Amino acid sequence: MTELLQTIAPPSRSLPVVIFGAGSIVTDAHLPAYAKAGFTVAGIYDPDRAKAEAILPPGAVAYASMADATAAGTAVVYDLAVPPAAIPGILRTLPEGAVALIQKPMGSDLKTADEIIGILRTRNIRAAVNFQLRFAPMALALKDAIAQGQLGDLVDFDAWLALDTPWHLWAFLADLPRVEILLHSIHYLDFMRDLLGNPLGIAARTMGHPSSTVSNTRTAMMMDYGPEVRANLSINHNHAFGRKFQACEFRICGTKGAAYMKLGVNLDYPRGEPDELWLNTGAGWEQVPLIGNWFIEAFVGRITQVMRFAVGEDDALQGSAEDAWHTMALVEAAYDSAAAPLYPIRTAPDA
Ligand SMILES: NC(=O)c1ccc[n+]([C@@H]2O[C@H](COP(=O)([O-])OP(=O)(O)OC[C@H]3O[C@@H](n4cnc5c(N)ncnc54)[C@H](O)[C@@H]3O)[C@@H](O)[C@H]2O)c1
């Protein structure tokens, strides 16, 4: 098997990072990823300053105000890891011309995504969105194999999840009308778009489960990519019947070959299992040895590409906010579809 790219090449120099939010994703993924990438965190702003102080990496400061956090102007990269509702307010305060990375989702709905795009365009803020699954080692390797033509033309994308997700760990989900697609499957929709582009349409159903009060935890989505490409996501976060038949996997098939991806982080959560990538490009299934997992290597890749752009070594931001808007539009269409009837079935013979 040819060597496949699994990382984004580091830039020759980097800018310090200013982080907004001192919550669990910053502690669990952003800070370890930035340390691994060798990027400096200048400081963290959180209205709960004690939270920022408690997680500061060496040399970083806990800012007392937004003004302090933005005092470095465009000489830093801004990293927003806050609840979606806080994103527009922070973007309005960032210096014009800044480079920013925004945690997903890009707002709680498409209306807020529109608002965010408006602010970014008006203030000339160049932003990427942290749909980081695109940068997982298995995802980069798969995209490299596809770019080399090893799979031929993609004709099938099938995501199958049967998990027992501990939603109770996230108390804030309790009252949200949109959970499964907006906060979880959104990663898979974004990754699917990265491989196949924008679908023409979507049919979706999303629902909760009698065992919990979370609004939606089970989803079925079928995308319209025209007559040659089938794309489906089947997602059940309430498969609480033991590990044996649980799954978190993608099957991606082309005209010449196929790929199997196992997304280990969601299995045996929160400990997780290693990711897997297998390719069959004509000589049987071969496992690609991976250099790491979605958590946290994908966060390393995501910030590295932003940094390459910020220092002028990449011309464009991959997964820019303008691109991510289409993932938000797909999520919105999924919820709209889920609220509308599917194609009706006749209930009696036309005798
Ligand atoms: N990409 C991923 O895989 C991934 C995973 C988990 C969470 N997330 C996203 O990251 C975001 C944060 O998630 P979390 O789990 O860390 O939440 P959290 O509730 O643990 O932390 C959020 C923090 O943001 C702070 N905050 C609120 N308003 C702020 C403001 N205006 N300025 C600065 N800080 C502010 C809060 O005080 C809190 O400390 C959410 O949008 C979530 O959807 C993404």
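Q: Which element gives the largest share of the shell around the ligand?
A: In this predicted model, the largest share comes from H1, with 3 residues.

Q: Which elements give two or more residues to that shell?
A: Helix H1 (24-37) and helix H4 (87-93) do.

Q: Which of the 24 residues around the ligand come nearest?
A: Gly21, Gly23, Ile25, Ala86 and Gln103 come nearest.

Q: What makes up the shell around the ligand by class?
A: The shell has 13 nonpolar, 7 polar and 4 charged residues. Gly is counted among the polar residues here.

Q: Why is alanine 113 called buried?
A: The cut-off is 20 or more other C-beta atoms within 10 Å. Alanine 113 has 25 C-beta neighbours inside 10 Å, so alanine 113 counts as buried.

Q: Where is alanine 113, and with which residues is alanine 113 in contact, leaving aside neighbours within four places in sequence?
A: Alanine 113 belongs to helix H5 (residues 110-123). Leaving aside neighbours within four places in sequence, its contacts are Met106, Gly107, Trp325 and Met328. Contact requires C-beta atoms within 7 Å.

Q: How far apart are alanine 113 and glycine 149 in sequence and in space?
A: They are 36 residues apart in sequence and 35 Å apart in space, taken from C-alpha to C-alpha.

Q: What makes H8 mostly covered?
A: In H8, 17 of its 17 residues are buried. Just after H8, glycine 312 takes a positive phi of about 85 degrees.

Q: Why are S8 and S14 said to stand at the edges?
A: The open sheet has 8 strands in the order S8-S9-S10-S7-S11-S12-S13-S14, with mixed pairing. Strand S8 (201-207) and strand S14 (286-287) each have a single partner strand, so one side of each has no neighbour in the sheet.

Q: What makes S7 and S10 a pair?
A: Pairing needs at least two bridges. Strand S7 (residues 154-162) and strand S10 (residues 230-236) are joined by 7 bridges and run parallel, so by the cut-off they pair. Alanine 159 stands opposite leucine 233 in S10.

Q: Which helix lies across S8 and S9?
A: Helix H9 (residues 321-338) does, running at about 65 degrees to S8.

Notes:
Residues are numbered from 1 along each chain as its sequence is written. This is a predicted model: local features need pLDDT of at least 70, side-chain atom pairs count only at pLDDT 80 or more; totals for chains, interfaces and linings use all residues. A residue is near a molecule or strand if its C-beta atom, placed from the backbone, lies within 6 Å of it. A residue is buried if 20 or more other C-beta atoms lie within 10 Å of its own, exposed if 12 or fewer, and partly exposed in between; C-beta atoms are placed from the backbone. Two residues are in contact if their C-beta atoms, placed from the backbone, lie within 7 Å. Axes are lines fitted to C-alpha atoms, for helices over the stretch in contact, and angles run from 0 to 180 degrees between N-to-C directions.
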